[in-house]
Amino acid sequence: MPVINMGKAALSDHDLVLKSVRLRRKLLEAIFEAGAGHTGGGLSCLDILNVLYNRVLKVSPEKFSDVNRDRYVQSKGHSVEALYTVLADRGFFPESELKTICHYQSHFVGHPTRKIPGIEMNTGALGHGLPISIGMALAGKMDSAPYRVFTLMGDGELGEGSNWEGAMAAAHYDLDNLTAIIDHNTLQITGHTRDVMSNEPLDEKWRAFGWAVKTVNGHDYVALTEVLSKPAEAGKPTCVIANTTKGRGVSFMENVAKWHHGVPSETELKQALAELDAAEAKLKEAA
């Protein structure tokens, strides 16, 4: 079994599946309350965040100032509601704070900010998360520090050239303490990535830049745990291509580009929550 968070008890695969259903419910309620949010991408990356924060990252609210903590940077900062939801669940701040997202004078805005407990770096301008993470990983190497650095990127975000400059630098400096995860849901705000600006084949591109590449089902908790916990290939940064479904868990949102950014109506929210309630009930019956 992989390394578990500092101060966090181990969760079974079934526990994680149930948690993701409940986190999806909280995510949708938070976006509805905020009146804004990137629903589709938040739902697609939520399982990745669930595994990271409950099984992989050596970080906790109590030890967030520990210099040897693992670092996580959300490069696809527009899906911050998913990160807020997971951080609240992990105890970085009260869940009641989720109701203040995008409200007047709230620090919980539409992109990550260091004013929120548990967030390492302000992000949102696409293409910045990987270069920032490279700096953190390089500093760790220079200090002979044990921490690892993880960043989550969107596949549409890869159109930004700074990512590929960063990819060259990470390989050049042998940053095997760095893992870049791509939320490969194949959709961006204006349509399929293959039509807007094709970046395939992703695996071959990252290998050509000198990275160790792993491809995984981004909703498979066992597979995610294994690939994110496994020691890196010596001298190589790791790229994890996580194949996901935009809008995962809500039938009318799945693989629909318009939910890149969108707030469900009251009727849509009720339908989505009913689907999630049914999924939770089914999981409990199967336990």
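The model is predicted.

**Salt bridges**

The structure contains 15 salt bridges. Begin by selecting Arg22 and Glu280, whose side chains form a salt bridge with 3.0 Å from N to O. This pair links distant parts of the chain, for Arg22 belongs to helix H1 (residues 13-34) and Glu280 to helix H9 (residues 266-286), 258 residues apart. Arg22 is partly exposed, at 33% relative accessibility, whereas Glu280 is buried at 10%.

Next, select Lys76 and Asp183, which form a salt bridge whose closest N and O atoms are 2.7 Å apart. Here too distant parts of the chain are linked: Lys76 is in the loop between strand S1 (71-74) and H3, and Asp183 is in strand S3 (residues 178-184), 107 residues apart. Both Lys76 and Asp183 are buried.

Then move to Lys230 and Glu226, where the salt bridge has an N to O distance of 3.6 Å. Lys230 is partly exposed at 43% relative accessibility, and Glu226 is partly exposed at 48%.

**Aromatic rings**

There are 9 aromatic pairs in the structure. Select Tyr84 and Phe108, an edge-to-face pair with centres 5.1 Å apart and 70° between the planes. Because Tyr84 lies in helix H3 (residues 80-89) and Phe108 in the loop between H3 and helix H4 (129-142), the pair ties together parts that are 24 residues apart in sequence. Tyr84 and Phe108 are both buried.

Phe252 and Trp259 form another edge-to-face pair, at 6.0 Å centre to centre and 65° between the planes. Phe252 is partly exposed, with 21% relative accessibility, while Trp259 is buried at 4%.

Now select Tyr53, Phe64, Tyr72 and Phe92, which form one aromatic cluster.

**Cysteines**

Finally, select Cys45 and Cys239. How many disulfides does a search of the whole structure find? The search finds 0. Cys45 is in no disulfide, and the nearest cysteine sulfur, that of Cys239, is 16 Å away, which is too far for a bond. Cys45 is buried, at 0% relative accessibility, and Cys239 is likewise buried, with a relative accessible area of 0%.

Technical notes: Residues are numbered from 1 along each chain as its sequence is written. This is a predicted model: local features need pLDDT of at least 70, side-chain atom pairs count only at pLDDT 80 or more; totals for chains, interfaces and linings use all residues. Side-chain values use heavy atoms; hydrogens and water are left out. A disulfide is a pair of cysteine sulfur atoms within 2.5 Å. Buried means under 20% relative accessible area, exposed over 50%, partly exposed in between (1.4 Å probe, protein chains only). Rings of Phe, Tyr and Trp (its six-membered ring) pair if their centres lie within 6.5 Å; planes under 30 degrees apart count as stacked, over 60 as edge-to-face and the rest as tilted. Helices (H or I, at least four residues) and strands (E, at least two) are DSSP runs, numbered from the N terminus. A salt bridge is a side-chain nitrogen of Lys or Arg within 4 Å of a carboxyl oxygen of Asp or Glu.
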